[in-house]
Amino acid sequence: MKLLVIGSGGREHALAWRLSRSKRVHKVFVAPGNGGTARDPNLHNVELTDPQALAQFAQSEGIALTVVGPEAPLAAGVVDVFRQQGLKIFGPTRAAAQLESSKDYAKAFMMRHGIPTAAYETFTDPAAAHAYIDKQGAPIVVKADGLAAGKGVVVAATEQEAHEAVDAMLGDGSLGAAGARVVIEECLQGEEASFIVLADGRNVLALATSQDHKRLRDGDTGPNTGGMGAYSPAPVVTPELHHRIMREIILPTMQGMARDGIPYTGFLYAGLMIAPGEDPGRPIKVLEYNCRMGDPETQPIMMRIKSDLLDVLENAVEGKLDQAEITWDRRTALGVVLAAANYPQSPRTGDVIEGLPPDNDECMVFHAGTRDTGKAIETAGGRVLCVTALGDSVRMARERAYETVERVRFDGRQYRGDIGWRALKRPQGPRA
């Protein structure tokens with residue numbers, strides 16, 4: 001079989017790598033791919049991004065199944081295009097992808113269907129937004145309504161920060177159409193977790209839990225990023241909380257989309273805030289939806305899958321997820337992101353990457369912002385690599401990952417030295 005993975009980041013490298021391990025797979029194409037997918041003999045880059053061109057490629061190559069990685073193609077309607085041509089593709093339609101492509105749509109959806117989330121208001125007028133901030137005070141969260149490549153959320157510790165965020169989003173047009181409208185919401189306190197499921201319109205299958213690290217620097221300080229590292233499983237999600245998340249958030253989301261006439265298929269990511277404490281009944285609220293797997297959460301999750309992922313995805317596109325199951329490696333997987341100089345503001349590109357190790361099942365270096373020049377692998381984006389390792393504990397996975405991190409070098413590299421710190425300080429109990 002031939003498969004196609006759409007995207008160019010670390011998430012897509014990890015998905016393509018895992019799919020290539022299937023005994024039934026002959027080729028995995030990645031469009032457009034990156035330097036890591038270029039150097040993997042089992043993967044083949046294709047310089048295509050336009051939905052119609054991708055569909056034509058899938059037809060001509062006899063692609064059995066396409067998997068969409070990032071949000072932009074989903075918002076552009078790539079799933080609709082493929083389905084119109086009778087091609088099998090796993091992802092949400094353009095209408096369903098509004099759960100991610102419009103923060104206002106997602107918040108209104110949650111309010112309409114009784115899904116717990118932070119109180120909010122939406123604004124297009126800067127003066128009204130500033131007045132709301134003055135009334136509510138800080139801390140407060142300002143979000144660009146549309147897709148902003150991980151740069152559209154500001155958790156403002158002061159009112160001045162919030163006012164500056166509104167000016168940047170509604171005022172100077174730097175975020176384009178994404179910032180033409182802003183959502184301002186209460187700042188929730190607690191511990192974040194990433195809860196990702198596969199959905200076929202009726203049934204859902206939960207993936208292993210994970211936890212991301214959004215801030216640039218150790219101790220969760222510095223600016224927000226697309227994610228500086230992740231690990232799986234997330235100890236904060238106990239079996240009891242897992243059941244509650246499914247019952248209170250995931251299933252109502254699926255039912256709500258169906259009632260709205262937009263059945264949801266594809267990966268669904270709920271970014272959650274779990275209130276402080278150990279009470280199993282403590283509040284759990286949705287921070288955001290993503291209509292794809294998270295990055296860098298995908299990398300540790302893909303390391304832990306022992307089943308044939310193709311089997312699962314085939315069941316999903318055929319509406320038979322209730323017949324699918326995934327076997328998980330009981331070990332912990334932990335990934336550390338290496339970012340480029342000046343990330344996240346204006347990442348520098350063109351730095352040569354040295355010390356990349358051979359791929360192996362215990363520690364993988366997944367590429368994101370890289371390119372293969374033929375002579376070297378160079379940086380080509382903000383988040384460059386995600387070094388992901390397995391270990392019998394969080395501590396062991398972390399030690400193995402950082403051993404490799406120290407060997408991989410490029411000028412200006414940035415990384416956090418504390419990935420997994422929340423899990424290390426938490427008493428280890430049952431894991432979901």
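Reader: Where does Val352 lie in this predicted model, and what makes Val352 partly exposed?

Author: In this predicted model, Val352 is placed in the loop between E18 and E19. Its relative accessibility is 41%. Buried requires under 20% and exposed requires over 50%, so Val352, at 41%, counts as partly exposed.

Reader: Which residues does Val352 contact, leaving aside its neighbours within four places in sequence?

Author: Val352 is in contact with Ala376, Ile377, Glu378, Arg409 and Phe410. Contact means heavy atoms within 4.5 Å. For Glu378, the C-alpha atoms of the two residues are 4.4 Å apart, although 26 residues separate Val352 and Glu378 in sequence.

Reader: Which peptide bond joins Tyr343 and Pro344, cis or trans?

Author: The bond is cis, with omega about 5°. Pro344 belongs to the loop between strand E18 (332-339) and strand E19 (363-367). Asn342 is also placed in the loop between E18 and E19.

Reader: What is the phi of Asn342, and is Asn342 buried or partly exposed?

Author: Asn342 has phi near 75°, a positive value in a residue other than glycine. Its relative accessibility is 42%. This value lies between the cut-offs of 20% and 50%, and Asn342 therefore counts as partly exposed.

Reader: Why is Thr49 called exposed?

Author: Thr49 has a relative accessible area of 59%. The class of exposed residues begins over 50%, so Thr49 belongs to it. Thr49 sits in the loop between strand E3 (43-45) and helix H3 (51-61).

Reader: What does Thr49 touch, not counting residues up to four places away in sequence?

Author: Thr49 touches Pro32 and Leu54. Thr49 and Ala31 are 18 residues apart in sequence, while their C-alpha atoms are 6.6 Å apart in space. The peptide bond from Ala31 to Pro32 is cis, with omega near 0°, and Pro32 is placed in strand E2 (residues 27-32).

Reader: How many aromatic pairs are there, and why is the pair of Phe90 and Phe267 called edge-to-face?

Author: The count comes to 6 aromatic pairs. One of them joins Phe90 and Phe267, with 5.0 Å centre to centre and 85° between the planes. Phe90 lies in strand E5 (residues 89-90) and Phe267 in strand E16 (residues 265-274), so the pair ties together parts 177 residues apart in sequence.

Reader: How do you know that Phe90 is buried and that Phe267 is buried?

Author: Phe90 has 2% relative accessibility, and Phe267 has a relative accessible area of 3%. Buried means under 20%, so Phe90 counts as buried, and so does Phe267.

Reader: What makes the pair of Phe109 and Tyr289 edge-to-face?

Author: The ring centres of Phe109 and Tyr289 are 6.4 Å apart, which is within 6.5 Å, and their planes stand at 70°, which is over 60; the pair is therefore edge-to-face. Phe109 is in helix H7 (residues 103-112) and Tyr289 in strand E17 (residues 284-290), so the pair ties together parts 180 residues apart in sequence. Both Phe109 and Tyr289 are buried.

Reader: Why is helix H1 described as largely enclosed by the rest of the structure?

Author: Helix H1 (residues 10-20) has 11 of its 11 residues buried, and it is therefore largely enclosed by the rest of the structure. The buried residues of H1 include Arg11, Glu12, Trp17 and Arg18.

Reader: How many helices and strands does the chain contain, and why is the chain called as compact as a globular protein of that length?

Author: The chain contains 14 helices and 22 strands. Its radius of gyration is 21 Å, close to the 22 Å that the globule rule gives for 432 residues, so the chain is as compact as a globular protein of that length. Of the 432 residues, 58% count as buried.

Notes: Residues numbered from 1 in each chain as written. Predicted model: local features only at pLDDT ≥ 70, side-chain atom pairs only at ≥ 80, totals over all residues. Heavy atoms only, no water. Helix = DSSP H or I, 4+ residues; strand = E, 2+ residues; numbered from the N terminus. Rg over C-alpha atoms; globule rule 2.2 N^0.38 Å. Buried < 20%, exposed > 50% of the residue type's maximum accessible area, 1.4 Å probe, protein only. Phe/Tyr/Trp six-rings, centres within 6.5 Å; stacked < 30°, edge-to-face > 60°.
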